[in-house]
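Q: I would like to learn how to read a pocket and its lining. Can we work through one case together?

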Amino acid sequence: MNPAHARSGSSAGLESNCATPMRREDMSAQAQRVMALSEWEDRWQEGRTGFHRPRVHNLLEKNLDKAVCGRKEIRFFFPLCGKAVDMKWLADMGHTVVGVEISEKGIRQFFEEQDLAYNEEPVPAIPGAKLFKSADGKISIYQCDLFKFSRAVAGQFGGIWDRGALVAINPCDRLKYATLLISLMSEDCRYLVDTVEYNPELYKGPPFLVSEEDVKNVFGGGCDIELVQTVDGFEERHRSWGLDSLMEKVYLLTPKAQ
């Protein structure tokens with residue numbers, strides 16, 4: 001996923017379908033920004049992965065109890081996972097992790113840098129896709145377009161950590177993205193999503209501005225939404241984007257009772 005994200009490290013692995021009419025919230029320059037999968041691939045090939053963090057994300061550490069909620073051995077989903085070290089951190093706690101990432105290079109780097117033996121196999125349900133799985137079976141990463149992934153491929157999940165996927169996908173694809181993520185949530189799923197807010201007139205993204213209104217617009221129909229933490233996420237590197245401030249917010253999403 002994406003340049004700069006404040007993400008755990010991921011790349012936007014999804015084919016866009018942005019030839020749709022612009023809605024009210026789509027009037028800004030950011031809303032019309034469309035990135036192709038090839039652009040994310042190029043970033044990995046060229047080593048432009050400033051979005052990757054070498055340490056476990058502090059906002060995941062601080063809010064993990066809200067996602068776990070006393071449960072054991074949760075299946076966590078990581079959309080656009082990149083080589084996020086958060087995956088091994090959760091696996092070491094006894095959870096299992098399934099990620100989706102477009103860059104094969106990023107996936108291989110994850111297993112190599114974490115010193116994990118892994119196997120590789122095709123994914124019959126997704127032509128051209130590959131599944132990379134740790135030898136102990138605790139971490140599985142699908143190398144494919146996220147929008148070709150579904151619960152028919154890997155079931156549903158009890159936890160989701162989204163640090164950089166929602167802020168990296170093309171804004172016109174957010175409703176499609178939310179529909180997919182909601183379909184992957186089990187009844188007891190707890191979904192933590194990390195977003196960023198800044199002046200979009202100063203930086204075209206990604207990561208894209210995702211406001212609380214945006215979160216409610218795309219997820220509100222299927223999920224209860226709680227803002228759990230707001231922090232000053234501005235770092236010196238953000239000056240190169242033309243910014244002088246950036247806020248990071250984490251929301252907890254849970255499926256609405258049927």
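A: Start with the residue classes. Ala, Val, Leu, Ile, Met, Phe, Trp, Tyr, Cys and Pro count as nonpolar; Asp, Glu, Lys and Arg count as charged; the others, Gly among them, count as polar. In this predicted model, the lining of the second largest pocket divides into five nonpolar, five polar and three charged residues.

Q: Now the whole chain. How many helices and strands are there?

A: The protein chain has seven helices and nine strands. Of its 258 residues, 56% are buried. The accessible surface is about 11,000 Å², and carbon and sulfur atoms hold 48% of that. Take contacts between residues at least 6 apart in sequence: 72% join residues at least 24 apart.

Q: Where does N170 lie, and why does N170 count as buried?

A: N170 sits in the loop between β6 (157-163) and α6. Buried means under 20% relative accessible area. N170 has 2% relative accessibility, so it counts as buried.

Q: How far is N170 from R33 in sequence and in space?

A: The two are 137 residues apart in sequence. In space, their C-alpha atoms are 6.6 Å apart.

Notes. Residues numbered from 1 in each chain as written. Predicted model: local features only at pLDDT ≥ 70, side-chain atom pairs only at ≥ 80, totals over all residues. Heavy atoms only, no water. Helix = DSSP H or I, 4+ residues; strand = E, 2+ residues; numbered from the N terminus. Buried < 20%, exposed > 50% of the residue type's maximum accessible area, 1.4 Å probe, protein only. Contact = heavy atoms within 4.5 Å. Areas by Shrake-Rupley, 256 points an atom, 1.4 Å probe, with all protein chains shown as cover.
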